Amino acid sequence: MTPPDYEYLRKLLKDHSGLDLSADKQYLIESRLLPLARKAGLPGIVELVQKMKTGPSNLIAQVVEAMTTNETFFFRDKIPFDHFREKIMPELLQARANRKSIRIWCAAGSTGQEPYSLAMCLKEMSGALNGWRIEILATDLSQEVLEKSKSGIYSQFEVQRGLPIQLLVKYFKQTGELWQVSADIRAMVQHRQLNLLHDFSQLGTFDVIFCRNVLIYFDQETKTNIFGRLGRMIEADGFLVLGAAETVVGLTEAFKPVPDRRGLYRPGDVRLAPAKPASVAAAAPRLAVASG
Amino acid sequence: MKTCLVVDDSSVVRKIARRIIEEMNFHVIEAEDGEKALEVCKRAMPEAVLLDWNMPVMDGYEFLGNLRRMPGGDVPRVVFCTTENGTDHISRALSAGANEYIMKPFDKDIVAAKFQEVGLVEAALPETI
């Protein structure tokens, strides 16, 4: 692709999804968009960009979706789930003993492996959760990955990365080469399409927010804005979980790291004033609808 | 350096597995059936066994039973690696003492993930974008 094409795509992605590609990510664009171009009957990225400028707006939507879809797998990075089992749930079981309810938000739920991994952790706790209401909300920008997440159907490859064999046998049903998460696990996760750039305050307050490996795509200003807004939606004694390579340090006072627990954060001591979503270029057509 | 015994009647599969597992810093020994695999274990117990199911002379299931009955036979982490992908096979394998189970086809990500599950390798730190 030509430098102007790359710049066009960079700006479009920034405006529509906040995705902030650095100057050298041509390979990422090629690997994600060449298949899409071919599906649209076009020979390459140059022609795809041309069509995007003149053609139907749903092509733009497809491009954004192709670029924002992340690879994920069950129990990705392991450590966050150790935090969940060893610190988050034991503390919340105490702190919420009167209320007996816990709200968990997977803010980049993607194809479902993260929320379903949490659901399996909860199931493994069995007796301790009798009488409790645990809500897991999974949101994502991409409608396509949400559909896959809702179906809970995974390939033989996908169920072999990160998932211990005992959990596969216990919580999945096999049909041919495909594996589906059991109905009672699926029932534990609600799905909703959501763009993190838009207002999400209507979702309410959460005890645990997983927001892993999605903020890395955004620029500093956007990250700070989102942390501020997340800080408004989390209980004072709640938890935020980020990807292992991410941090809040230098970006916000809304959260502070938990010592010796990589990737785990708690609300900062200072509660910030209500923050508005960062302004997205007015000229850009809106794509995802933040559902209420 | 840890040793991994790769047991499969297909020399192609053994070669692919060898390449993957050597890259994970294991010393690899090959065996083409359960009986030859047992002989290797009698000489020296490997830390890991990647085990096919269907093989002539002695299949993987029989090998596993024999291995676990040997002195020190509880030590190796045994990961099945087979085209048998039904839950009944998986359950039988786990009951017989397998630690993990790979359904073929496999790639290096799956082998690495399963070896991590059983503690043969440390989890790698996630990369940044």
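Analyst: A residue is called buried here if 20 or more other C-beta atoms lie within 10 Å of its own, the C-beta atoms being placed from the backbone. By that criterion, the buried residues of helix 6 of chain A are A:Gln113, A:Glu114, A:Pro115, A:Tyr116, A:Ser117, A:Leu118, A:Ala119, A:Met120 and A:Leu122. The model is a predicted one, and the description that follows is to be read as such.

Helix 6 of chain A is thus mostly covered, with 9 of its 12 residues buried. From its first C-alpha to its last, helix 6 of chain A reaches 16 Å, close to the 16 Å expected at 1.5 Å a residue.

A packing partner of this helix can be described next. Two packed helices are described by the angle between their axes and the distance between the axes. Helix 5 of chain A, residues 79-95, packs with helix 6 of chain A, residues 113-124, at an angle of about 35 degrees, and their axes are 11 Å apart. The contact is made on one side by A:Phe81, A:Phe84 and A:Arg85 of helix 5 of chain A, and on the other by A:Ser117, A:Leu118 and A:Cys121 of helix 6 of chain A. By class, this contact between helix 5 and helix 6 of chain A has 4 nonpolar, 1 polar and 1 charged residues. The crossing of helix 5 of chain A past helix 6 of chain A is right-handed.

A:Phe75 lies in the loop between helix 4 (57-68) and helix 5 of chain A. Its phi is positive, about 50 degrees, although A:Phe75 is not a glycine. Most residues other than glycine have a negative phi, and most peptide bonds are trans. A:Phe75 counts as buried because it has 23 C-beta neighbours inside 10 Å. A positive phi of near 65 degrees is also found at A:Asp260, again a residue other than glycine. A:Asp260 lies in the loop between strand 9 and strand 10 of chain A. With 7 C-beta neighbours inside 10 Å, A:Asp260 counts as exposed.

Helix 10 of chain A, residues 220-231, has 12 residues and reaches 16 Å from its first C-alpha to its last, close to the 16 Å expected at 1.5 Å a residue. Because 9 of the 12 residues of helix 10 of chain A are buried, this helix is largely enclosed by the rest of the structure. Among these buried residues are A:Ile226, A:Phe227 and A:Leu230, together with A:Lys223 and A:Arg229. The cover over the buried residues of helix 10 of chain A includes strand 7 (206-210), strand 8 (234-241), strand 9 (255-257) and strand 10 (264-267) of chain A.

A:Phe239 lies in strand 8 of chain A and counts as buried, with 26 C-beta neighbours inside 10 Å. Leaving aside neighbours within four places in sequence, A:Phe239 is in contact with A:Ile88, A:Val208, A:Leu264 and A:Arg266. The C-alpha atoms of A:Phe239 and A:Ile209 are separated by 6.3 Å, although these residues are 30 residues apart along the chain.

A:Ser155, in strand 3 (residues 153-155) of chain A, is exposed, with 10 other C-beta atoms within 10 Å. Not counting residues up to four places away in sequence, A:Ser155 touches A:Glu177 and A:Leu178.

Turning to chain B, 18 residues of chain B are in contact with 15 residues of chain A. On the chain B side, the elements that give two or more residues are helix 4 (87-95), strand 5 (100-103) and helix 5 (108-117) of chain B. The residues on this side divide into 11 nonpolar, 4 polar and 3 charged. In the loop between strand 5 and helix 5 of chain B lies B:Pro105, and the peptide bond from B:Lys104 to B:Pro105 is cis, with omega near 5 degrees.

Chain B also contains a helix pair. Helix 2 (residues 34-43) and helix 3 (residues 60-69) of chain B pack at an angle of about 25 degrees, with their axes 9 Å apart, which makes helix 2 of chain B roughly parallel to helix 3 of chain B. Residues making this contact include B:Ala37 and B:Leu38 of helix 2 of chain B and B:Phe63 and B:Leu67 of helix 3 of chain B.

Terms used: Residues numbered from 1 in each chain as written. Chains lettered and ligands numbered in written order. Predicted model: local features only at pLDDT ≥ 70, side-chain atom pairs only at ≥ 80, totals over all residues. Axes fitted to C-alpha atoms, helices over the stretch in contact; angles between N-to-C directions. Helix = DSSP H or I, 4+ residues; strand = E, 2+ residues; numbered from the N terminus. Left-handed = near helix turned anticlockwise from the far one by under 90°. Contact = placed C-beta atoms within 7 Å. Nonpolar A, V, L, I, M, F, W, Y, C, P; charged D, E, K, R; others polar. Expected span 1.5 Å × (residues − 1). Parallel < 35°, antiparallel > 145°, perpendicular 65-115°, else oblique.
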